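Good morning, colleagues. Please look at the sequence and the model first.

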Amino acid sequence: NPDYGVNIITNSQLSDGTNGWFPLGNCNLSAASGSPKILPPMARDSLGVHEPLSGRYILVKNRTQTWMGPAQMITDKLKLFLTYQVSAWVRIGSGASGPQNVNVALGVDNQWVNGGQAEIKDGRWHEIGGSFRIEKQPSKVMVYVQGPAAGVDLMVAGLQIFPVDRVARFKHLARQTDKTRKRDVILQFSGSESSSLFGTSVTVMQTQNSFPIGSCINRTNIENEDFVDFFVKNFNWAVFENELKWYWTEPQRGNFNYKDADDMLALCQNNKIETRGHCIFWEVQSTVQQWIQALNKIDLMKAVQNRLTGLLTRYRGKFRHYDVNNEMLHGSFYQDRLGKDIRTYMFKTANQLDPSATLFVNDYHVEDGRDTRSYPEKYIEQIIDLQLQGAPVGGIGIQGHIDNPVGPIVCSALDKLGVLGLPIWFTELDVSSLNEHIRGEDLEVMIREAFAHPAVEGVMLWGFWELFMSRDNAHLVDAEGEINEAGKRFLALKHEWLSHAHGRIDIQGQFEFRGFHGTYVVEVETELNKVSRTFVVDKGDSPLVVSIDL
């Protein structure tokens with residue numbers, strides 16, 4: 001019986017001075033006035049109509065270490081397996097040199113848990129939004145706000161930590177999904193007996209939803225028949241876990257291995273499964289093979305050119321997307337060695353070599369408020385910067401390796417990125433929980449948010465089979481092929497997003513229904529026989545008229 005939306009922080013509004021709070025370290029806490037009275041937007045989206053904040057805040061002075069700030073013990077107030085949203089307004093005093101990180105943190109038995117971060121480089125109030133969940137009984141939990149450099153004053157207003165009602169959010173998303181992913185359809189029947197069609201029985205069944213839901217696969221798991229069976233039945237897109245990465249296709253200089261990728265591509269083509277190309281380059285130095293790290297600038301540039309030509313000529317027209325230079329917000333191996341223009345060069349050259357492929361940026365922790373290197377504003381800045389230099393960026397990849405997701409936080413990131421007008425894909429989605437029911441709920445949060453959002457055009461899971469996951473407690477199907485609770489939740493969503501209708505042809509010879517985009521079969525039972533036809537419902541604003549000749 002969780003108290004959804006109820007703040008577990010004591011004296012959050014500071015109506016009783018700083019009672020309930022204590023300073024972490026030998027800093028000074030006092031209450032002051034002049035902070036926002038409105039709720040931070042992400043909290044407002046979760047809580048709905050809510051009383052305003054008090055306008056009072058905690059002022060923290062004499063901070064001699066970055067970790068010093070206001071703190072509270074919340075051990076007895078937390079329930080296991082509930083997802084908690086974190087919300088606060090934060091601000092810093094003058095005297096900071098450069099941008100400052102502010103973090104709402106939890107000490108769970110002295111382990112740091114990230115409750116959300118903001119980067120601050122001005123005197124305004126900034127929203128922090130994050131989330132956490134506790135899955136093992138702790139002996140003590142402390143929440144504290146930390147981050148700016150020593151000597152910089154910290155201000156915290158309206159800190160809230162509350163359990164999130166995910167099911168209530170799902171109802172809102174269902175209404176949004178109806179607007180985003182469905183269309184009115186008019187079936188217009190004709191034929192030799194059209195005059196006598198009035199009152200004839202019609203059954204409409206959707207056989208496939210056209211929204212891309214894919215998974216990563218690897219060379220080993222395509223040997224497993226049960227794996228392939230589940231994959232082909234339940235996914236319409238694929239991405240290769242490692243087999244297209246440069247360290248796989250050219251582990252030693254001039255020593256190429258495209259066979260694995262070729263085999264996997266053949267499997268996908270035989271089953272009419274579209275593919276994403278992941279990835280041409282990867283900016284994070286630890287992922288770059290040694291022989292490339294040892295090259296001088298001229299040879300490195302040649303190697304980059306050869307990689308582009310070799311890969312994109314071989315697979316021209318085969319991959320619908322490419323992640324051009326993976327994780328550019330978290331690494332800069334090529335940029336550091338070849339200059340800022342190298343990133344634009346990679347995009348332009350890839351586009352020249354295979355104009356049919358949509359070229360993506362791809363990065364992680366964009367959607368969860370946990371990482372100041374990659375929050376949406378920074379991603380937007382990077383994309384616009386690339387576009388201004390002429391890079392043909394065609395799509396935005398959000399990896400989606402996420403913990404305890406909260407819908408409004410994810411949606412806030414999608415809304416911000418959606419302003420760019422580019423298609424957004426979740427490219428590597430996985431969630432992790434010891435509890436399969438909670439894992440299924442996490443996955444449902446992410447897939448429902450994606451499916452309801454007009455800017456999102458596809459979702460790729462980063463695997464589903466127990467033996468082939470990069471994260472623990474993330475699988476949907478166990479090693480024996482048994483579908484677990486999380487897998488059942490996933491299949492239930494796929495089933496929910498197939499439309500069916502039944503009725504009779506009206507006096508105009510028509511039958512109307514509203515359904516998801518995708519492929520359908522219609523069956524008409526006349527006095528003489530049973531006729532079935534297939535048709536496709538594409539995206540569109542106006543009602544789709546489908547002529548069916550019987």
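A salt bridge here is a side-chain nitrogen of Lys or Arg within 4 Å of a carboxyl oxygen of Asp or Glu. The model is a predicted one, in which local features need pLDDT of at least 70 and side-chain atom pairs count only at pLDDT 80 or more, while totals for chains, interfaces and linings use all residues. Residues are numbered from 1 along each chain as its sequence is written, and side-chain values use heavy atoms, with hydrogens and water left out.

Asp-263 forms such a bridge with Arg-219, with 3.2 Å between the closest N and O atoms. Asp-263 belongs to helix H5 (residues 259-270) and Arg-219 to the loop between strand S13 (213-217) and helix H3 (225-234), so the pair ties together parts 44 residues apart in sequence. Helices (H or I, at least four residues) and strands (E, at least two) are DSSP runs, numbered from the N terminus.

Across the whole structure, 31 salt bridges are found. One of them joins Arg-133 and Asp-442 at 2.7 Å, N to O. Arg-133 and Asp-442 are both buried, that is, under 20% relative accessible area, where exposed means over 50% and partly exposed in between (1.4 Å probe, protein chains only). Arg-133, Glu-135, Arg-166, Glu-441 and Asp-442 are linked in a salt-bridge network.
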